[in-house]
Amino acid sequence: MNRRAFLSVTALTAVPVLLAQDSSRTQDSAVTGAADPLRDPGSIGQLRAVTTPLDNAEDIKAIERRLKCTCGCNLDIFTCRTTDFTCTYSPALHKEIVDLYTGGKREEDIVAAFVTKYGESILLAPKAAGFNLLGYLLPSALVLVAGTVLGLVLLRRHRDRLLAAAPAGAASAPSAGLELSPEQRAQLDRAMGEIEQ
Amino acid sequence: MTLLGQFALWAALFLGLYAAVLAFVPSLRNRPDTQLVVERTTYAIALALWVAAVSLWKAIFNHDFNVEYVASYTSRNLPTYYLFSAFWAGQKGSLLFWAVVLSTFGAVAQAATSRRYRPLLSVVGGVTSSVVAFFLSVMLLSGSGNPFGRLAFVPPDGNGLNPQLQNPGMVIHPPMLYLGYISITIPFAFAIAALLTRRLDVGWIVAIRRWTLLSWLFLSIGITLGMWWAYVELGWGGYWAWDPVENASLLPWLTMSAFLHSVMIQEKRGMLKRWNLGLIIASFLLSIFGTFITRSGVIASVHSFTQSNIGYFFVGFLALAGAVSFALLYLRWPELEPEGQLDSLASREAAFLFNNLILVGIAFSVLWGTLFPILSEAVRDTKITVGPPFFNRVNVPLGLALLALTGIGPLIAWRQTSAANLRRQFTAPLTTGLVTAAILLAAGMRDFYATMALALGGFVLGTVVQEFVRGTRARQRMHGENMLTALYRLIARNRRRYGGYLVHTAIITYFVGFAGMAFSVSKETTLRVGEKVQLKSPYGHTYTLTHLGISQYDALNRRVTAASLEVERDGKKVGVLKSEKRQHVDSFGNPTFQPSTEVGITSDLREDLYLVYAGSVDGTERSTFRITINPLVWWVWAAGVFLVIGGLITMWPSGWSPPIAPLSAAAPEERVQVIA
């Protein structure tokens with residue numbers, strides 16, 4: 001790829017990503033194909049079940065992404081069941097969620113049922129309530145408080161400096177003969193700007 | 001040979017303790033020949049540890065399975081390059097790797113540091129030797145760290161290397177991360193030397209400039225390679241999971257990034273001396289904390305080594321190093337008065353201060369989130385999990401604030417800036433950011449954080465481009481150079497500044513890549529041979545994947561089951577994507593680990609198609625797959641390359657550095673010693 005092509009793609013890359021951001025519709029074709037037995041099925045780990053529409057349901061994925069797999073992997077249930085194919089826990093937890101979902105329960109009910117059954121640690125992020133609020137709010141609160149204090153201190157120093165400079169500035173005010181024309185003022189501003197750089 | 005290695009470890013331990021005593025006992029430290037003795041001792045330690053390292057590699061390459069470490073992490077049929085990386089595959093080997101690299105850095109610091117900084121070098125040698133001695137004592141005294149331990153028998157073959165570590169990324173990723181962690185010890189050693197010898201002027205800062213950049217660069221490379229390894233090897237379709245070990249690598253990177261900015265204020269204005277010392281000490285302690293996290297088992301992580309008692313050693317060392325360092329800082333507090341004051345809120349110093357605040361704030365929030373489960377259990381007696389949703393919620397706003405400051409900082413002058421200059425400086429970058437946001441909103445983007453990240457990215461890019469354009473034009477006007485010459489000389493003569501801008505460009509690029517993941521789509525499907533599945537990408541492309549079949553064959557040290565799918569994009573053939581199941585075996589054909597998965601990835605600048613072969617249905621070729629489309633992942637890896645280029649430009653020697661303070665500025669007792 002030449003530089004021109006690279007830069008073109010770079011410049012345009014952020015825009016098209018949005019064009020179909022909510023168009024993740026998928027289709028399966030139903031072509032009947034072969035299913036010959038494998039020579040050595042034992043070397044690929046657990047056998048898999050045929051995928052069902054509920055395995056891809058966004059509602060189910062959303063629930064699974066809030067809950068942690070209990071196998072000790074630190075992953076959410078969806079990620080674990082679609083990644084760690086040696087895990088026996090995540091498929092079972094997935095089935096449990098699907099059963100609750102098909103039984104009429106919805107996201108919050110299912111999450112609550114899991115917390116009741118497995119404890120609060122099943123949640124991938126703790127509820128933002130009670131003691132956990134400390135976890136959520138403390139870092140941002142500290143940054144906000146420190147930032148505010150820093151800003152106030154700097155503003156105060158700036159103000160004090162201006163106040164201290166004011167009498168001296170008044171005493172040494174330029175005479176009429178040193179007044180600058182607008183062009184000279186603009187030129188000086190530009191020069192000062194370059195110096196400040 | 002392992003006996004020689006064992007002996008070398010003990011020799012290095014005693015030499016390390018000897019150097020520490022020489023450097024820290026005042027009556028010995030002030031003797032005229034101490035610096036030379038400490039210097040030679042650090043060389044001897046490095047030599048001894050290289051002997052130990054070569055001994056371990058020799059045992060590994062000779063398949064000496066009587067050595068427990070060799071039997072645990074290698075096998076006869078392991079490819080040669082993985083025999084090489086097996087050195088750091090386990091806890092014991094990685095501890096030795098730490099010690100070897102640190103002793104080498106310690107020796108290089110002695111040999112390569114300018115003679116102007118000689119008064120600091122004996123303490124520097126003492127600190128590096130003490131840290132090496134700590135690692136050696138963990139290896140030799142903990143009972144679970146000696147890589148030369150022998151079994152009571154000789155197994156016919158070893159266990160082999162974990163399949164997830166049999167990836168080219170794992171040959172290079174851990175060493176890079178270790179190099180980053182370990183090299184922080186050198187700036188820390190200089191900081192302690194400056195505190196102990198009371199040479200607290202800008203000299204020690206100059207002496208460590210390249211070390212801090214080197215350390216930061218290694219950490220950056222290590223973290224990016226770790227992300228790449230997670231993406232191509234672990235198969236979950238992402239590259240960052242806020243795992244405690246990942247967090248541990250981020251912590252010193254954040255504090256080092258803060259230091260690299262705030263040190264400029266100390267160099268230019270003589271301010272933030274205490275803060276900078278605090279940042280260096282914190283970075284070192286966090287690097288040790290990261291090592292503790294991976295080895296203690298206190299916090300559950302997929303990356304953790306087997307739990308062992310060496311966690312207690314690390315806690316003890318962390319507490320001791322922290323107490324001594326901060327006590328020393330407290331004792332020298334009155335001597336670290338700032339030489340100037342911040343003049344204005346609209347100054348680069350203020351922007352850097354806020355940048356430091358955010359960086360340290362993110363570091364705190366990551367540390368806080370990592371440790372919060374322990375706190376919760378202690379306070380409420382309730383186990384909780386702190387996973388990605390928590391970290392994203394807390395850190396993404398802070399990250400965006402940091403991105404904004406990345407653009408604001410370079411636009412503001414040192415000391416103070418006039419309103420007219422602010423207008424002049426901000427107009428173009430702000431316009432770029434606003435136009436970016438408008439385009440994104442017009443295109444239908446509604447994800448707040450992704451929109452903000454890309455719009456702020458536009459703002460920062462506007463800043464960087466403006467800086468390069470103005471600098472180049474100024475050179476063209478002043479020197480009559482053509483554009484390319486002016487650009488080259490602009491960078492060559494201001495490496496730190498313009499290399500830094502390239503690093504900022506890399507940071508934007510990371511954020512663009514991260515924002516792309518907000519639009520990831522995935523689907524699970526089961527296909528018979530010949531069946532097709534379609535998936536629409538966020539760019540609107542339709543991918544059609546056709547199951548071509550499963551093949552099974554034996555490769556070097558594994559049985560491979562490979563699924564091949566033909567990929568078409570919008571009806572045009574792209575190629576064949578292959579994902580594998582690998583059952584690793586020992587040299588007798590016996591399975592060694594659980595089957596692992598190798599993902600198939602086809603990547604371009606816009607998006608990655610990511611294929612995972614989940615397994616077979618009923619032991620037939622009918623198979624289940626997970627297909628994921630991840631936008632803009634390529635940019636994350638590109639960001640890593642930009643960052644390395646920017647970092648190298650920044651590090652390149654510029655030729656001049658100020659001398660260290662004369663001895664008259666040193667401690668009174670030292671002056672007496674010198675006069676005597």
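Helices (H or I, at least four residues) and strands (E, at least two) are DSSP runs, numbered from the N terminus. The model you see is predicted: local features need pLDDT of at least 70, side-chain atom pairs count only at pLDDT 80 or more, and totals for chains, interfaces and linings use all residues. Residues are numbered from 1 along each chain as its sequence is written, while chains are lettered from A and ligands numbered from 1 in the order in which they are written.

**Exercise 1: a sheet in chain B**

Task: Work out which strands of the open sheet of chain B stand at the edges.

Solution: 
- Start with the order of the four strands, which is 1-9-8-7 in chain B, with antiparallel pairing. Two strands pair if DSSP finds at least two bridges between them.
- The edges are therefore strand 1 (521-527) and strand 7 (600-603) of chain B; each has a single partner strand, so one side of each lacks a neighbour in the sheet.
- On average, neighbouring strands of this sheet are turned by 15° against each other, direction ignored. The axes are lines fitted to C-alpha atoms, for helices over the stretch in contact, and angles run from 0 to 180 degrees between N-to-C directions.
- Now look at one pair: strand 8 (residues 607-616) and strand 9 (residues 623-631) of chain B run antiparallel and are joined by nine bridges. Here D608(B) has N630(B) of strand 9 opposite it.

**Exercise 2: a loop residue**

Task: Find where D618(B) lies and say whether D618(B) is buried, exposed or partly exposed.

Solution: 
- D618(B) sits in the loop between strand 8 and strand 9 of chain B.
- Its phi is near 60°, a positive value in a residue other than glycine.
- Next, count neighbours: a residue is buried if 20 or more other C-beta atoms lie within 10 Å of its own, exposed if 12 or fewer, and partly exposed in between, with C-beta atoms placed from the backbone.
- D618(B) has 14 other C-beta atoms within 10 Å, so D618(B) is partly exposed.

**Exercise 3: a helix in chain A**

Solution: 
- Just after helix 6 of chain A comes G119(A), with a positive phi of about 95°.
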